[in-house]
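Subject: A structure for you to look at

Hi there,

Here is the model I promised to pass on. Please open it next to this email, and then read on for what turned up.

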Amino acid sequence: MATCLNHRFPAFLAALTLALTAPAFAQTNTGADKDDKAVAEQVEALKKKVIRLNRDLFILEEDLLFPANTQVAVFLSVDAGKFLKLDAVKLKVGDEIVASYLYTERQVKALERGGMQRLYVGNLKTGVHQMTAFVEGIGPDQRPYKQAASLEFEKGTGTAALEIRVEDRSSDYQPSVSIVEWE
């Protein structure tokens with residue numbers, strides 16, 4: 001009987017110790033959970049601050065790189081589809097090619113549905129400038145099609161915005177390309 005008691009006593013002692021210390025462990029875990037939640041909330045608040053700071057830095061960078069008095073923006077719109085399947089666009093300002101794009105089928109469909117692409121943003125001094133757009137694609141009768149449009153415009157002290165318009169012209173069943181200055 002004594003041997004049986006000797007074997008049961010350590011197990012009884014372990015069970016008693018566990019029963020008495022379990023509430024202390026539970027309180028420690030609850031405190032740790034509260035600490036984890038507080039740290040998670042602080043991390044989330046820091047993330048929000050970093051996002052706001054990143055946005056502010058992006059705006060400052062845009063203002064520094066492209067000040068309003070020298071900024072020029074060129075957009076592309078496509079109102080075609082029957083007479084032209086757009087493939088590529090190149091943009092020249094003066095003698096320098098400043099933008100060149102090849103379009104995927106998905107991008108062309110987005111443009112044909114009324115989307116507008118910001119083709120180029122840059123700086124130009126005030127004065128008269130020459131802009132030329134080269135449009136390539138598949139035209140009527142599935143033939144390769146190339147057309148260019150030029151515009152001489154005067155850059156003032158404010159931001160200049162121009163649009164390259166690619167449109168179907170039903171009068172002669174051909175696409176047309178033009179550059180228009182926004183007011």
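Leaving out residues up to four places away in sequence, L102 touches D87, A88 and Q107, where a contact means heavy atoms within 4.5 Å.

Some ground rules before the rest. Residues are numbered from 1 along each chain as its sequence is written, and side-chain values use heavy atoms, with hydrogens and water left out. This is a predicted model, so local features need a pLDDT of at least 70 and side-chain atom pairs count only at pLDDT 80 or more, while totals for chains, interfaces and linings use all residues.

**Confidence**

The average pLDDT of the protein chain is 83, and 82% of the residues score at least 70; pLDDT is the predictor's confidence in each residue, from 0 to 100. Over residues 1-5 the pLDDT is below 50, and this stretch has zero contacts in the model beyond near neighbours in sequence. Confidence is lowest in helix α1 (residues 2-65), with a mean of 71, and highest in strand β3 (residues 96-102), with 95.

**Overall layout**

The protein chain has two helices and eight strands, and along the sequence they follow the pattern α-β-β-β-α-β-β-β-β-β. Helices (H or I, at least four residues) and strands (E, at least two) are DSSP runs numbered from the N terminus. Of the 183 residues, 27% count as buried. Among contacts with a separation of 6 or more, 66% are between residues 24 or more positions apart. The accessible surface comes to about 13100 Å², and carbon and sulfur atoms hold 56% of that; these areas come from the Shrake-Rupley method with a 1.4 Å probe, and for residues only the protein chains shown count as cover.

**A buried glutamine**

Q117 belongs to strand β4 (residues 116-123). Q117 counts as buried because its relative accessibility is 17%. Which residues does Q117 touch, not counting those up to four places away in sequence? They are V74, F75, L76, Y101, Y103 and L111.

**A nonpolar patch**

L53, L57 and L60 make a nonpolar surface patch of about 300 Å², and L53 lies in helix α1. Patches are made of residues with over 30% relative accessible area and no salt bridge; like charges are joined within 9 Å, and nonpolar side chains (Val, Leu, Ile, Met, Phe, Trp, Tyr) within 5 Å.

**Aromatic pairs**

The count comes to three aromatic pairs. Rings of Phe, Tyr and Trp (its six-membered ring) pair if their centres lie within 6.5 Å; planes under 30 degrees apart count as stacked, over 60 as edge-to-face and the rest as tilted. One of the pairs is F83 with Y173, edge-to-face at 5.7 Å centre to centre and 80 degrees between the planes. This pair links distant parts of the chain, 90 residues apart: F83 is in the loop between β1 (71-79) and β2 (85-93), and Y173 in the loop between β7 (160-169) and β8 (174-181). F83 is buried, at 14% relative accessible area, whereas Y173 is exposed, at 54%.

**Salt bridges**

There are three salt bridges, each a side-chain nitrogen of Lys or Arg within 4 Å of a carboxyl oxygen of Asp or Glu.

- E163 and R165 have their closest N and O atoms 3.3 Å apart. E163 is buried, at 6% relative accessible area, and R165 is partly exposed, at 30%.
- D56 and R55 meet at 3.4 Å, N to O. D56 is partly exposed at 36% relative accessibility, and R55 is partly exposed at 47%.
- K109 and E105 have their closest N and O atoms 3.8 Å apart. These two are separated by about one helical turn because they are four residues apart in helix α2 (residues 105-112). K109 is partly exposed at 44%, and E105 is exposed at 51%.

Definitions and conventions:
Buried < 20%, exposed > 50% of the residue type's maximum accessible area, 1.4 Å probe, protein only.
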